[in-house]
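Hello,

Here is the structure I promised to pass on. My notes on the sheet and the pocket follow below.

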Amino acid sequence: MSQRDTVSILLVDDHPFVREGVRARLEAVPDFRVVAEADNAVDGLSLALMHSPSLLLTDIGMGGMTGLQLAESCQQRLPGMAVIVLSMHGSLDYFERAFRAGARGYVLKHAPADELVGAIHAVVGGGSYFSPELMHRRAGECGVLPDRLHRLTARERFILAGVARGLSNRQIAAELQISARTVESYRFSLKRKLDITGQAALVKFAVESVAGLAREVPMFEGGADAGAGRRGSVTGDSGRP
């Protein structure tokens, strides 16, 4: 495997046993390489500037500088570096603060190891990943659909749900059996209809809309297989954005 294909990872957590276990799991994946690790955010920032890794994987609660402050500092100085928060905190407050700090992923520490691997692949691929437990909790706390969601067709909502799940254009296209170029056209249409500028703003809106999307798009409940049962109704639109 070439160096260019390797996902370089900086691991920051103040618990040595956690770092040891996470590192062992990540290094079992052929395209992952942990280039450095730290037990505090200050050292983590120095190592991030030194190594410029593909991904920062950080805890939140550490002495002194927090993982969220580290994520925000890294996003300012290394905007090309992806950030995933790995935390024991399952409250929506921490999730929302992590999102505002620039994290594109949030995985709970009690989640299966394979979930973390999948989250890393999603985030370094340009998408996002947030623990299903958090998404369901958020869906339970929210009431009605955001007003702007009513502007969208069923297929557009399906694609927006894919954006919230962190799926790439190719993955969404595979679920809908359309081309990745068509999905890109839908993304453009979504931004126009929702009065949104930029991909980051679209992802943010998608994540904030998961309550309504979870009720209307079953892919939130079980991924592609759940979506397949409704695919006929979802693809009942003309197929154009």
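Helices (H or I, at least four residues) and strands (E, at least two) are DSSP runs, numbered from the N terminus. This is a predicted model: local features need pLDDT of at least 70, side-chain atom pairs count only at pLDDT 80 or more, and totals for chains, interfaces and linings use all residues. Residues are numbered from 1 along each chain as its sequence is written, and side-chain values use heavy atoms, without hydrogens and water.

A pocket here is an open set of points on a 1 Å grid over the protein atoms alone, where a 1.4 Å probe fits, with protein on both sides within 12 Å along at least five of seven lines; lining residues have an atom within 4 Å of a point. Of the 13 lining residues, Phe 99, Arg 104, Ala 200, Val 203 and Lys 204 are closest to the centre. α10 gives the largest share of the lining, 5 residues. α4 (92–100) and α10 (199–208) each supply at least two.

Now the sheet. It is open, with 6 strands in the order β2-β1-β3-β4-β5-β6, paired in parallel. Strands pair if DSSP finds at least two bridges between them. β2 (32–38) and β6 (129–130) are the edges; each has a single partner strand, so one side of each lacks a neighbour in the sheet. β1 (residues 7–12) joins β2 through 6 bridges. There, Val 7 stands opposite Phe 32.

Best wishes
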